[in-house]
Amino acid sequence: MTNAILEVEGIRKRFGGITAVDGVSFEVREGEILGIIGPNGCGKSTLFNCILGQLRPTEGKVRVDGRVTTGMRPCELNRLGVSRTFQLLQVFPQLSVRENLILAGQEHKGGMARRLFGPRDAGLGPDADRMIAFFKLDHLAHQRAGGLSYGQQKLLDAAMAFMAGPRLVLLDEPAGGVNLTMLSNLKERLKAINAEQGATFVVIEHNMDFVMSLCTRVIVLAEGKVLAEGTPAEVRANGQVIEAYLGH
Ligand SMILES: Nc1ncnc2c1ncn2[C@@H]1O[C@H](COP(=O)(O)OP(=O)(O)OP(=O)(O)O)[C@@H](O)[C@H]1O
Ligand SMILES: [Mg+2]
């Protein structure tokens with residue numbers, strides 16, 4: 001096989017009479033940033049949920065590093081270096097930025113014994129501080145997450161997915177509702193993690209400028225199927241894509 005870190009083969013997901021994902025196959029190569037775009041309800045989040053163990057696909061296979069992971073639970077995938085963000089924010093509003101990061105790190109790697117008998121921050125304080133500096137959240141480290149702007153919370157949400165130092169991160173609409181300054185901040189951070197740590201990303205996003213300037217390759221979904229695939233420039237120029245998605 002090639003250097004595919006993720007292989008998705010013939011994934012189909014039915015909810016009663018609805019086929020939300022209808023036989024989707026693609027590969028993600030190590031180090032690339034793959035964008036997934038498509039109209040509302042075309043199956044993007046459902047596809048992520050099938051890849052990452054939140055949902056069991058009706059049909060199809062998922063492999064990480066050549067190993068079949070279909071049906072694995074999210075925590076087992078975490079151990080293989082796979083992490084994600086959700087379309088809706090997953091931060092704990094009552095906890096501080098730093099506490100949120102520590103909690104995310106515990107979820108990824110802290111075993112029960114470490115939680116019960118280890119230091120109060122489970123030894124994750126230095127990792128959290130590194131992530132705070134990296135995402136430029138220093139001035140907010142000890143503020144309650146619930147008091148931050150929506151864009152700052154989205155940035156924290158992304159930072160939480162990186163607490164375990166994952167190799168493959170799937171981000172579901174990281175730019176949704178984020179203002180322009182935070183957006184360029186987020187894009188710059190993702191590019192830096194990709195370049196410095198060789199991390200691989202799959203990003204669902206409706207913001208075309210964000211996708212086209214961040215991603216090396218783009219897949220277009222429509223009605224649960226892959227409609228097109230190519231470089232940002234190729235996808236922008238594709239007549240079918242313009243008609244199905246970009247044209248309105
Ligand atoms: N748990 C569920 N039960 C039943 N139907 C569902 C469920 N989850 C999603 N669907 C349906 O599956 C289809 C795909 O939804 P999905 O959320 O994957 O779309 P999406 O591409 O992520 O859309 P958006 O861009 O709005 O986030 C929709 O018709 C949706 O109503
Ligand atoms: Mg979605």
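Let me begin with a term: a residue is called buried when its relative accessible area is under 20%, exposed when that area is over 50%, and partly exposed in between. With that in hand, and bearing in mind that what we are looking at is a predicted model, I can start with helix 5, which covers residues 125-134 and whose buried residues are Gly-125, Asp-127, Ala-128, Met-131, Ile-132 and Phe-134. Helix 5 is followed by Lys-136, whose phi is positive, near 55°.

Helix 6, residues 150-161, gives another picture, since 11 of its 12 residues are buried and the helix is mostly covered. The buried residues in helix 6 are Gly-151, Gln-152, Gln-153, Lys-154, Leu-155, Leu-156, Asp-157, Ala-158, Ala-159, Met-160 and Ala-161. As for its length, the 12 residues of helix 6, at 1.5 Å a residue, should span 16 Å, and the end C-alpha atoms are 17 Å apart, which agrees.

In the case of Thr-46, an N or O atom of the side chain is 2.5 Å from an oxygen atom of ligand 1. Taken on its own, ligand 1 has 640 Å² of accessible area, of which the protein covers 62%.

Ligand 2 is a magnesium ion, and Ser-45, through OG, and Gln-87, through OE1, coordinate the ion at 2.1 to 2.2 Å. Ser-45 lies in helix 1, while Gln-87 lies in the loop between strand 6 (82-85) and helix 3 (97-109), so the pair ties together parts that are 42 residues apart in sequence. How accessible is Ser-45? With a relative accessible area of 21%, Ser-45 is partly exposed, and Gln-87, at 34% relative accessibility, likewise counts as partly exposed.

Staying with strand 6, I would point to two of its residues. Thr-85 is found in that strand and, at 4% relative accessibility, counts as buried because the limit for that class is under 20%. A polar atom of the Thr-85 side chain lies 3.2 Å from the backbone nitrogen of Asp-172. Ser-83 is also found in strand 6, and Ser-83 too is buried, with a relative accessible area of 4%. The C-alpha atoms of Ser-83 and Val-8 are separated by 16 Å, the two residues being 75 residues apart along the chain.

Next comes Asn-207, whose place is in the loop between strand 8 (200-204) and helix 8 (208-214). At 25% relative accessibility, Asn-207 counts as partly exposed, and a polar atom of its side chain has the backbone nitrogen of Phe-210 at 3.0 Å. From Asn-207 to Arg-189 the separation is 18 residues in sequence and 17 Å in space, C-alpha to C-alpha.

I will finish with backbone angles. Most residues other than glycine have a negative phi, and with that as background two residues deserve a look. Glu-173 is not a glycine, yet has a positive phi of about 55°, and Glu-223, again not a glycine, has a positive phi of about 50°. Glu-173 is found in the loop between strand 7 (168-172) and helix 7 (180-197), whereas Glu-223 lies in the loop between strand 9 (217-222) and strand 10 (225-230). Is each of them buried or exposed? Glu-173, with a relative accessible area of 12%, is buried, while Glu-223, with 73%, is exposed.

How values were computed: Residues numbered from 1 in each chain as written. Chains lettered and ligands numbered in written order. Predicted model: local features only at pLDDT ≥ 70, side-chain atom pairs only at ≥ 80, totals over all residues. Heavy atoms only, no water. Polar contact = N/O pair within 3.5 Å; in protein donor to acceptor, adjacent residues only side chain to side chain. Areas by Shrake-Rupley, 256 points an atom, 1.4 Å probe, with all protein chains shown as cover. Helix = DSSP H or I, 4+ residues; strand = E, 2+ residues; numbered from the N terminus. Buried < 20%, exposed > 50% of the residue type's maximum accessible area, 1.4 Å probe, protein only. Donors = N, O, S within 2.8 Å, 3.2 Å for Na, K, Ca; no water. Expected span 1.5 Å × (residues − 1).
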